Amino acid sequence: MAEITYREAIKQALREEMQRDERVFLLGEDIGKFGGTNKVTLGLYEEFGARRVRSTPISEAAIIGATVGAAATGLIPVAEIMYNDFITIAMDQMVNQAAKMRYMFGAKLSLPMTVRIPLGGRRSAAAQHSQCLESWFVHVPGLKVVIPSNPYDAKGLVKSAIRDPNPVIVFENKMLYNTKGEVPEEPYLIPLGKAKVVREGTDVTVVATSDMVAFALKAAETLAAEGTSAEVIDPRSLVPLDIEAIVNSVKKTGRLVVAHEACVTGGVGAEIAAQVGYKAFDYLNAPIERVGAKDSPIPFSPVLEKYILPNDGDIVEAVRRTMM
Amino acid sequence: MAMDRSTQLWLYEMMFRIRRFEEWVIDLFARGKIPGFLHSYLGEESVATGACAHLRKDDYIISTHRGHGHILAKGARTDLAMAELFGKRTGYCNGKGGSMHIADPDIGILGANGIVGAGIVIANGAGLSAQYRGTDQVCVCFFGDGASNQGTFHEGLNLASVWKLPVVFVCENNAYAMSTQPREGLSVQDVSVRAAAYGIPGVTVNGNDVLAVYEAAGVAIENARAGKGPALVEAKTYRIRGHYEGDPQTYRTREEVDEWRTRCPILCYRASLLESGVSEDELKSIDARVEAELLEAVEFADKSPLPDVSEARHGIFTEVAEVA
């Protein structure tokens, strides 16, 4: 099996789906010859041409609007938004249009569309290029939300997102693009709504998303040295959410720590904590801990950003609190 | 533009159908049969009718919150539309959408829209889809003078021009954006001049003259169909009713409204038809047919069952299994 980057894995998914289905096409800012800001689509323009790899003006509302309209009329668009922060310009199209058209039109149409968006900080990109806004979309019925943490999952999840007959947002992570992992060259799918137990353990369940999965695994090593066995679960998609897998793990371990890079207040961790608190109340031996960014805009200076964003140390401390 | 007799009469019948539909729903709303908001198209029938007269079943339209006229002119059934306004299960959207969200993708109606200007960018997606699939379908996008101040108007017209999409933007300048007049809210008094900024043709016509709309929209639609790109047609008309039923209309005088009533598009067109040799009897038989149709539509809506709450959450997502 070839070891390739997260970026390459996503590109493979796009290429395979474009080869498989003529209706699939890409649109987004600078995604053509330039290959996109994060170079995910680099080379696809040469392979598929300007008709199917479409660079757009800097017009996020127009990008998502065209995506919605094309999906409603027989195509399978895959849009790229350059930074998570920029989707704010297209929120009407995401929230009032894409999420609701099928429902409010009496289920008379489907919107098979995917929107790829990189999120996350740790690059000194400051407050308008570093956010993690995935929980906004989890709150809107009608949207699916996918958040791959490694190359293998990225390929299988992006392919499933493209084949899904609903609007799916794939939150990629800027810090993961260069990370490598084993990815089969042949096509495979990972269904949305299936969590993965990344590391088995018995004392505490750590649910982590995106690049916090790697931090959670690092934390688990530290904790193992202290005699604490952490089970790490990556939900992989937030809508649909595999809450059963998480609840089953908590029933085994009796403790839960939820970790994401998004700020703690109103984050997905709150939803997971609430559901586990309800469904596994009698199994909990400690209050549920949440790990995330300190509630703040993301600062520019590396020393400040590092302080604001969560890491493996924060997970270790949270786990220790649950063990007290 | 030469017009055969059946088209002449079709224009009359459609305007009359829309008028009577609106008069019925205004009355039914006042009597409490129709819940929610109601934005009446009364007095603007000539715009939807003149534009949609050129459209095929497989062409697309995007409508607005003031959309009853657009959908009827594109071929929507009065009974299913009426039932939707009543909130009944038999309505176009099974009672999920109501007045602001009627859609019928089977005949190219991609939905009325409750967000001012949102449809402009979605229309591009439909146009792109037609272009991508190599058909000669077009999309006619209706919106108001108020919508031309939204960012989506500017993003949308720019992208349509850059990609030479088969989209005709029909601006219904009905003299009021809710309570705000063009002289208060528009940087230009003719919205059509904004077309120059996007390098596309723009024209302003008397929107109360169905033949003028027919002529201008016809040229634009023919060009779009021939792959010559988008155009902006501004139809200047007048919103006879308030922004919504119940609007106190403190922003205008009764005299102003009465003056516009004398320019009623249907009365004017009727007079010109009689002058051109169409008999009074012929028009009366059309009137009678439409009256009977609407009576049946109201009866259908009134007698139809309400939706069951067990269906309230149906249709949010398309089941993944539904699609192979």
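Which residue is the bridge partner of A:Thr205 in β13(A)? The bridge partner is A:Leu256, and the legends below place this pair in its surroundings. This is a predicted model, in which local features need pLDDT of at least 70, side-chain atom pairs count only at pLDDT 80 or more, and totals for chains, interfaces and linings use all residues. Residues are numbered from 1 along each chain as its sequence is written, while chains are lettered from A and ligands numbered from 1 in the order in which they are written.

**View 1. Chain A as a whole.**
Chain A contains 12 helices and 14 strands; helices (H or I, at least four residues) and strands (E, at least two) are DSSP runs, numbered from the N terminus. The C-alpha trace of chain A spans about 60 × 45 × 40 Å along its principal axes. Of the 324 residues in chain A, 60% are buried. A residue is buried if 20 or more other C-beta atoms lie within 10 Å of its own, exposed if 12 or fewer, and partly exposed in between, with C-beta atoms placed from the backbone.

**View 2. The two domains of chain A.**
The domain assignment gives domain 1 (2–183) and domain 2 (196–323) in chain A; such bounds come from an automatic or database domain assignment. The centres of the two domains, taken over C-alpha atoms, are separated by 26 Å. In chain A, 25 residues of domain 1 are in contact with 24 residues of domain 2, contact meaning that the C-beta atoms of two residues, placed from the backbone, lie within 7 Å. On the side of domain 1 that touches domain 2, α6 (134–138), β6 (144–146), α7 (151–163) and β7 (168–173) of chain A each supply at least two residues. That side divides into 13 nonpolar, eight polar and four charged residues. Here Ala, Val, Leu, Ile, Met, Phe, Trp, Tyr, Cys and Pro count as nonpolar, Asp, Glu, Lys and Arg as charged, and the others, Gly among them, as polar.

**View 3. The seven-stranded sheet of chain A.**
This open sheet has the strand order β3-β2-β4-β5-β7-β6-β12 in chain A, with mixed pairing; two strands pair if DSSP finds at least two bridges between them. The edge strands β3 (53–56) and β12 (237–239) of chain A each pair on one side only. Strand β2 (residues 24–29) of chain A runs parallel to β3(A), with four bridges between them. Within this pair, A:Glu29 has A:Thr56 of β3(A) as its bridge partner.

A second open sheet with mixed pairing has the order β9-β11-β10-β13-β14 in chain A. Its edge strands are β9 (196–199) and β14 (289–293) of chain A. Neighbouring strands of this sheet are turned by 25° against each other on average, direction ignored. Strands β10 (residues 204–208) and β13 (residues 256–263) of chain A run parallel and are joined by four bridges. Helix α9 (residues 243–253) of chain A lies across β10, β11 (230–234) and β13 of chain A, at about 155° to β10(A). Helix α10 (residues 268–279) of chain A packs on the sheet, touching β10, β13 and β14 of chain A, and its direction makes about 160° with that of β13(A). Axes are lines fitted to C-alpha atoms, for helices over the stretch in contact, and angles run from 0 to 180 degrees between N-to-C directions.

**View 4. The contact between chains A and B.**
Here 39 residues of chain B are in contact with 36 residues of chain A. On the side of chain B that touches chain A, α5 (118–133) and α6 (151–162) of chain B each supply at least two residues, and α5(B) gives the most, with 11 residues. In chain A, the buried residues of helix α4 (residues 91–98) include A:Met94 and A:Ala98. The cover over the buried residues of α4(A) includes α5 of chain B.

**View 5. The surroundings of B:Ala103.**
B:Ala103 lies in the loop between α4 (78–85) and α5 of chain B. This residue counts as buried, with 29 C-beta neighbours inside 10 Å. Beyond its neighbours within four places in sequence, B:Ala103 is in contact with residues including A:Phe105 and A:Lys108 of chain A, and B:Tyr92 and B:Leu110 of chain B.
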